[in-house]
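This report describes selected features of a predicted model.

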Amino acid sequence: MDELRTKYLEAIAAAADESALEELRVQAVGKKGEVSLKMRELGKMTPEERQVAGPALNALKTEITSALAAKKVALADAALDARLATEWLDVTLPARTRRVGSIHPISQVTEEVTAIFADMGFAVAEGPQIETDWYNFDALNIPGHHPARAEMDTFYTHRAERDDRPPHVLRTHTSPVQIRSMEKNGAPIRIICPGRVYRADYDQTHTPMFHQVEGLALGKDISMANLKWVLEEFFTAFFGTGVKTRFRASHFPFTEPSAEVDIQCSWEGGTVKVGEGDDWLEVLGSGMVHPNVLKAGGIDPDEYQGFAFGMGIDRLAMLKYGIPDLRAFFDSDLRWLRHYGFASLDQPTLHGGLNR
Ligand code: DAH
């Protein structure tokens with residue numbers, strides 16, 4: 001029995017894995033194992049012999065079984081240790097930095113413009129980018145034969161003569177939102193409408209999609225003087241410096257009288273600088289809303305009057321942040337976006353400052 005004990009306890013201690021352990025279990029205490037066979041011999045013994053051999057065999061069986069179990073646990077522990085050693089993670093390492101996205105200059109400037117006009121009591125209004133001919137042209141006093149329709153290089157979604165649905169266009173300006181806002185809210189009203197507009201045109205300063213912001217203020221006694229003050233106030237806040245403006249008489253079908261507005265700039269050194277020098281740069285169209293436009297919006301021109309203006313957001317962004325080519329705005333080039341983009345948690349506000 002001592003031989004058996006030594007043989008199996010040593011073999012168990014030396015077993016390399018679970019299958020070796022299982023083999024030993026079968027050899028020792030399995031149905032036909034050595035210890036089990038010895039137990040069968042108990043029947044042939046005298047009662048005296050059996051009294052000694054019985055408990056000793058039982059004790060041996062228990063000892064081998066618990067050695068097997070203990071070795072099994074030890075093997076599992078060793079396996080786990082080996083696995084932990086290969087899968088070890090240093091949780092104290094600093095995190096890998098991740099690039100944070102940036103705010104596109106168009107979005108930034110839209111926020112800046114909105115903040116300035118909000119401070120003067122203008123709400124933001126929006127309209128669809130696919131417009132009917134009526135909202136984009138007729139309601140704005142641009143009749144079918146008017147050259148403005150051709151000049152605007154309009155994208156048509158389909159041609160009226162091939163279809164009985166009313167003709168739709170990609171809006172060529174944000175001015176149709178004036179009409180929609182008058183219909184919805186009536187007068188008095190004070191809104192700006194920033195958004196995308198479309199024209200078939202492509203070069204360094206033109207892209208088929210670009211952005212405008214429209215302004216509209218209607219009341220009982222709103223005049224050109226209010227228009228001038230609002231715009232001068234806007235440019236000063238937007239560029240962060242006193243900017244001289246020049247109002248030039250002009251013509252738009254939707255305003256009478258109409259004015260184009262230039263801002264003071266210098267071209268010295270080949271790049272444009274706003275607010276200095278004695279050159280002028282045209283940035284905006286404006287005027288007193290034409291009575292026909294008020295009527296189209298459901299407003300009585302004998303009771304209400306007011307001003308409207310429209311300007312290019314992309315143009316403003318190029319001027320303010322020194323971006324030379326408009327086309328790059330829409331190329332989605334990550335290097336460009338990282339260079340000209342703005343911090344995403346740094347919302348422009350009047351009190352926080354509008355110059356980055
Ligand atoms: N809609 C004009 C354009 O796209 C801009 C404009 C000019 C808007 C005069 C106005 C305005 O509201 O009064 O060129």
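## Aromatic pairs and a cluster

In this predicted model, the structure holds 14 aromatic pairs. In the pair made by Phe238 and Phe239, the ring centres are 4.9 Å apart and the planes stand at 85°, an angle over 60°, so the pair is edge-to-face. Phe238 is buried, and Phe239 is buried as well.

Phe238 and Phe239 also belong to one aromatic cluster, which they form together with Phe117, Phe122, Phe234, Phe235, Phe307 and Phe309.

## Packing of H2 with H4

Helix H2, which spans residues 18–29, packs with helix H4, which spans residues 47–86, at an angle of about 175°, and their axes are 10 Å apart. Because angles over 145° count as roughly antiparallel, H2 and H4 are described as roughly antiparallel to each other.

On the H2 side, the residues that meet H4 are Glu18, Leu21, Leu24, Arg25, Ala28 and Val29, while H4 contributes Lys61, Ile64, Leu68, Lys71, Lys72 and Leu75. Sorted by class, this contact of H2 with H4 has 7 nonpolar and 5 charged residues, with no polar residues.

## The E6 and E7 strands

Strand E6 (residues 245–252) and strand E7 (residues 255–266) run antiparallel and are joined by 7 bridges. A hairpin of 2 residues connects E6 to E7, and Thr245 stands opposite Ile263 in E7.

How values were computed. Residues are numbered from 1 along each chain as its sequence is written. This is a predicted model: local features need pLDDT of at least 70, side-chain atom pairs count only at pLDDT 80 or more; totals for chains, interfaces and linings use all residues. Side-chain values use heavy atoms; hydrogens and water are left out. Axes are lines fitted to C-alpha atoms, for helices over the stretch in contact, and angles run from 0 to 180 degrees between N-to-C directions. Helices (H or I, at least four residues) and strands (E, at least two) are DSSP runs, numbered from the N terminus. Angles under 35 degrees count as roughly parallel, over 145 as roughly antiparallel, 65 to 115 as roughly perpendicular and the rest as oblique. Contact means heavy atoms within 4.5 Å. Ala, Val, Leu, Ile, Met, Phe, Trp, Tyr, Cys and Pro count as nonpolar, Asp, Glu, Lys and Arg as charged, and the others, Gly among them, as polar. Two strands pair if DSSP finds at least two bridges between them. Rings of Phe, Tyr and Trp (its six-membered ring) pair if their centres lie within 6.5 Å; planes under 30 degrees apart count as stacked, over 60 as edge-to-face and the rest as tilted. Buried means under 20% relative accessible area, exposed over 50%, partly exposed in between (1.4 Å probe, protein chains only).
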